[in-house]
Amino acid sequence: MQFDIRRFDIYRKVPKDLTRPTITGAIISLSSICFIGFLLFSELTLFVTTEIMSELSVGDPVSYSEKIPVFLNLTLPRLKCAYVGLDIQDEMGRRDIGIVDFSNKIEIENGAGCRYEANFRINKVPGNFHVSTHSANPPPTDADMGHIIHEVRFGNTKTHDYDIQGSFNPLENVERHKSDKSVTFDYIIRVVPTVYENINGAMHYPFQYTYTTREINFMQGSVTLPAIWFRYDLSPITVRYHEKRKPFYTFLTTVCAIVGGTFTVAGIFDSFIFTASEILKKFELGKLT
C-alpha cells in the first residue's frame with residue numbers, strides 16, 4: 001500500500017462547486033482584510049518603536065569619575081565682561097576664585113553687558129559655584145547682577161539628543177534682570193545622578209536637578225558684593241533610563257493572533273448571518289416547522 005502524506009492534511013479542501021459566495025460574505029471578508037491590515041500596521045509601528053523605561057536605585061552610577069562636568073551659560077545685561085568671574089567652593093576645601101580656564105566672555109549692549117559661558121568640573125560633595133566680581137581688581141562699587149540664564153547643565157550628555165522626559169535644564173530662560181542693583185541671587189540645586197542606556201548598550205550619564213531660588217537684598221554700604229550663587233547637593237538616588245524594544249517572537253505571536261482571531265470571529269459572524277437569512281427565507285415560504 002502506497003503511503004499518502006495527504007492524509008495528514010488537517011485543512012481539507014471543499015470543491016468550489018459545493019460552495020457559493022454571498023454579498024454578505026464578501027463584505028465581511030473585505031472588512032476583515034482591512035481590519036487585519038490596520039492592526040498589523042499598528043503592531044509593526046509598536047514593534048519598531050523604542051520604549052524608554054525608567055527605574056530608581058541607590059548608588060553612584062559614575063564611580064569611575066571623581067568629578068562632574070558643568071556647563072554654565074548666562075547673560076548679564078548691565079555688567080561689563082571685565083568684572084565677571086567664576087568662583088568655586090566645596091566641602092572638600094576647594095576654593096577657586098576668578099576661574100578663567102574653559103570660559104568665554106562676549107560683550108553685548110555696546111560693551112555695557114556680558115554673555116558668560118564656562119565649562120568646569122565640580123567634586124561629588126556639597127558646594128557652590130557663583131558668578132561674581134570678586135576677582136576684579138578693583139571690583140565695581142555698583143555691580144548689577146541682574147541676569148538671564150540660558151543653560152545650567154550637569155554632565156556631558158546633551159539630553160535633547162534623546163527622547164528623555166526629565167528635569168535636565170529647568171533653569172533655562174530664567175530671567176532675573178529687573179531687580180535692584182544690590183540684590184544677590186541664590187539658587188539652591190538638588191542634583192540627581194542619571195544613567196541612560198540605549199538599545200545598543202551604550203551608557204550615557206546626564207544629571208537632572210531641581211532648584212529653589214531666593215533674592216537677598218543687601219543695604220547700601222555693605223561689604224558683601226552681589227553675586228549669583230548656585231549651591232548644589234547630590235541626591236543618593238539614581239534615575240536609570242534604558243531603551244527597550246519588543247522581541248521578534250512577541251511580534252510573530254501577535255501577528256498570528258490578529259490574523260487567526262479576526263478570521264475566526266468573522267467566520268462566526270458570517271455563519272450567524274447566513275443561518276439567520278436561511279431561517280428567514282424558510283419562514284417566508286412557510287417551510288419553517
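## Reasoning about cysteines and aromatic rings

User: Are Cys 81 and Cys 114 buried or exposed in this model?
Analyst: Both Cys 81 and Cys 114 are buried. Please note that the model is a predicted one.

User: Why is the disulfide of Cys 81 and Cys 114 called right-handed?
Analyst: The torsion about its S-S bond is about 105°, and therefore the disulfide is right-handed. The pair links distant parts of the chain, 33 residues apart. Cys 81 is in the loop between strand 2 (67–76) and strand 3 (85–90), while Cys 114 is in strand 6 (residues 113–123).

User: How do you know that Cys 34 and Cys 256 count as exposed?
Analyst: Exposed means over 50% relative accessible area. Cys 34 has 57% and Cys 256 has 56%, so each passes the cut-off.

User: What makes the ring pair of Tyr 187 and Phe 230 stacked?
Analyst: The search of the whole structure finds 10 aromatic pairs. In the pair of Tyr 187 and Phe 230, the ring centres are 5.2 Å apart and the planes are at 10°. Centres must lie within 6.5 Å, and planes under 30 degrees apart count as stacked; the pair is therefore stacked. Tyr 187 is in strand 10 (residues 183–197) and Phe 230 in strand 13 (residues 228–234), so that distant parts of the chain, 43 residues apart, are linked. Both residues also belong to one aromatic cluster, whose members include Phe 120 and Tyr 232.

User: Why are Tyr 187 and Phe 230 called buried?
Analyst: Buried means under 20% relative accessible area. Tyr 187 has 0% and Phe 230 has 0%, so both are buried.

User: Why is the pair of Phe 248 and Phe 251 called tilted?
Analyst: The centres are 6.1 Å apart, with 35° between the planes. Phe 248 and Phe 251 are three residues apart in helix 2 (residues 248–285), which means they are separated by about one helical turn. Phe 248 is partly exposed at 49%, whereas Phe 251 is buried at 13%.

Note on methods. Residues are numbered from 1 along each chain as its sequence is written. This is a predicted model: local features need pLDDT of at least 70, side-chain atom pairs count only at pLDDT 80 or more; totals for chains, interfaces and linings use all residues. Side-chain values use heavy atoms; hydrogens and water are left out. A disulfide is a pair of cysteine sulfur atoms within 2.5 Å. Helices (H or I, at least four residues) and strands (E, at least two) are DSSP runs, numbered from the N terminus. Buried means under 20% relative accessible area, exposed over 50%, partly exposed in between (1.4 Å probe, protein chains only). Rings of Phe, Tyr and Trp (its six-membered ring) pair if their centres lie within 6.5 Å; planes under 30 degrees apart count as stacked, over 60 as edge-to-face and the rest as tilted.
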